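My entries follow the structure itself.

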Amino acid sequence: MTTPTPNSVLTEAIGPNSGAALRAKELLLIVAGVAALAITAKMRVPMWPVPITMQTFTVFVIGAAYGARLGVGTVLAYLALGALGADVFTGSSATVGGLSYMAGPTGGYLAGFVVATAVVGALARRGWDRSVWRMAVAVALGTATVYALGLGWMSVLFAGDKGMAWVLQYGMVNFLPGDALKLALAATAVPAVVHLIGSRRA
């Protein structure tokens, strides 16, 4: 076991880092990450002006803790499970899910999860997960990435009929207070865990 170094991420400081044991650890991390994404997709936290889920928080934590490669693989595994029809998305159900759901209004945001995980993971690899302020910037960039893809697809579906003001209001603005809360939580929790693990391994 090793301490977090400037070019390592949190999960590399825990457990084996080579051979078959590493492969087993990564498989367990992917399973745990997919489960966390599915669970937090269904969690609704009362918030103004709309309730929020904690799924994007989970995306950012996975990116920071797993790094870009394993983090992206985890999110892709989650999306693949949803594409097969599993009820793992925020608005999906036993009868409405799969590829048809992914092609709907949330499709761009789901794609944004993949890119955001890569962005946050790459920055964590550079040591941004060790600083509250840098982690906050990393999460802000991840959030911007999710909205860039999400709003892009929403505009394709709805801008012609409802206008861009509607797309911005219902695709982003209503969710900004919740995003600020999740940014603050991720920016404080991740560095705290990194420093805790580092102090115990030192």
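Asp 129 is buried, with a relative accessible area of 1% (buried means under 20%, exposed over 50% and partly exposed in between, with a 1.4 Å probe and protein chains only).

I noted that this is a predicted model, in which local features need pLDDT of at least 70 and side-chain atom pairs count only at pLDDT 80 or more, while totals for chains, interfaces and linings use all residues. Residues are numbered from 1 along each chain as its sequence is written, and side-chain values use heavy atoms, with hydrogens and water left out.

I counted 6 salt bridges by this rule.

I then turned to Arg 125 and Glu 12, which form a salt bridge at 2.9 Å, N to O. Because Arg 125 sits in helix H4 (residues 107–125) and Glu 12 in the segment before helix H1 (19–42), the pair ties together parts that are 113 residues apart in sequence; helices are DSSP runs of H or I with at least four residues, numbered from the N terminus. Arg 125 is partly exposed at 30% relative accessible area, and Glu 12 is partly exposed at 24%.

I next checked Lys 42 and Asp 87, a salt bridge whose closest N and O atoms are 2.7 Å apart. Lys 42 belongs to helix H1 and Asp 87 to the loop between helix H2 (55–83) and helix H3 (98–102), so the pair ties together parts 45 residues apart in sequence.

Last, I recorded that a network of salt bridges links Arg 23, Glu 26 and Arg 69.

Key:
Salt bridge = Lys/Arg side-chain N within 4 Å of Asp/Glu carboxyl O. Helix = DSSP H or I, 4+ residues; strand = E, 2+ residues; numbered from the N terminus.
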